[in-house]
Amino acid sequence: MIHRARFWAGPALTTLLAVAGCAHPPPPAPPAAPVPLGVQQAWVQAVAGPGWQVRALTDEASCPMLSWAGGQAPMTPRSEPGEVPPPPGNTQPERKPTSFTLRACEAAWPVGVASVQLGQFTLRAPARELRRIVVIGDTGCRLKASDDAWQPCNDPGQWPFARIVARAVALKPDLVVHVGDYHYRESPCPASQPGCAASPWGYGDDAWQADFFRPARALLAAAPWVFVRGNHESCRRAGQGWLRYLDAQTGAARACAPAADGVDEGDFTAPFAVPLSSRSQLIVFDSADVGSRPPARGSSAWTRWREQLDQVALLAGQRAQSLFVSHHPSLAFGPSTSGRPEPARSGLTPLLQDAQPGRLFPPGVQATLHGHLHIHQLLGFASNHPASLVIGNGGSAAEGRLDARTAQQAQPLPGARVETFQSHTDFGFTLLSATPQGWRLQAYDALGQPLASCTLAGQKLRC
């Protein structure tokens, strides 16, 4: 019998099972493994340009050297260790200064080089055609006092991100796309919750390492990445770490700095394209700060978002087919405890409607990839809308499900007629494989067992 890793059921159900004698006590925090000095993590990522960069985090006093057969090049610092005040506008009841102990470094991928050595890491050049793409999202362990949410981070069954990483590495992808929300450990674990005992918390290096960088270490080194920004990485939350480590803008890391009109420059990133082949591309869009409510029409934030959507339309003209990638979905359903589907709430939706009335996305966008909703759902439409893929089941706890029969008859937005629908509450990830007709989608749970298999030809999804 196969036991699948499913979403954490929450404190109420956990208590009920314990009373009934059906639950094992949460395990204690595992002992910390010794971390070698030097480069802690290294990876290759897509940056605006388009282009590819090597990034690294190190505890040494200077940035390391890249080396390869016949050459070497120095890495330059993106950010230095230091301490910054708690994020402005953050509403968690317990806050502390944010401490960064690691130096973030970068270097352009050397032209014509097949692989580079960086400390103990060997990184390979991005393939000319990126045909096998692992997609994951919403991967962190949720510790949030304002929601009374305490996920058992020490239990790999209830926070299985490391297991998902191992399964993804085994598939040998050409590219990994993370659709946002890496950081969830915002509050200290209470003494009453042994399942998350001794977890780091806050927005500094220790929480980033525990939530993302250490469990993702092998997958970071195994393939190039595209990082999409989630609302957890907005400047009100873990934005300073995002800008230091994963932001697609190159050079010295930007800072979060709220302006008088309420617009934080650190919360806006220009959309950029990542070529996958001569015909297809990703269009990466930073929706982190838009939230569930749209900005006031005519405000500086509205104007800024609309300008960025105009840039998306220009980027979409560069390839015959595009996959639009952002954190917040508009053509999707929000899960509920009853399974009743409700339209997903995104402040970006009115802006999309204003930019591209009816379809929401420019011609050439065949599908959209998102996270934010902690569930896996696939939607294909009989109406003229791109397929919508929500892959937010990478490890973060959630409650709720979607009744497929009800969703099949519902509309996520007026006029968006659902033709194909699937959803799964299992933790897991998705593999996109290029085909002559488009893409094959294979969804897996945290143990590598298949959840769904679909095809995408043009904007038509078939499962």
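Select W305 to begin: this residue is buried, at 3% relative accessibility (buried means under 20% relative accessible area, exposed over 50% and partly exposed in between, with a 1.4 Å probe and protein chains only). The model is predicted: local features need pLDDT of at least 70 and side-chain atom pairs pLDDT 80 or more, whereas totals for chains, interfaces and linings use all residues. Residues are numbered from 1 along each chain as its sequence is written, and side-chain values use heavy atoms, without hydrogens and water.

Next, select F268, which is also buried, with a relative accessible area of 6%. Which residue lies over the face of F268? Display R304, found there at 4.8 Å from the ring centre; for such a charge over a ring, NZ of Lys or CZ of Arg is within 6 Å of the ring centre and within 35 degrees of the ring normal.

Now turn to ring pairs. A search of the whole structure finds 22 aromatic pairs, in which rings of Phe, Tyr and Trp (its six-membered ring) have centres within 6.5 Å; planes under 30 degrees apart count as stacked, over 60 as edge-to-face and the rest as tilted. Select W208 and F213, both buried. Their pair is tilted, at 6.0 Å centre to centre and 40° between the planes.

Ring pairs also join W208 and F213 into a cluster, whose members include W43, F100, W159 and Y182.

Finally, select K96 and W201: the charged end of K96 sits over the W201 ring, 4.3 Å from its centre.
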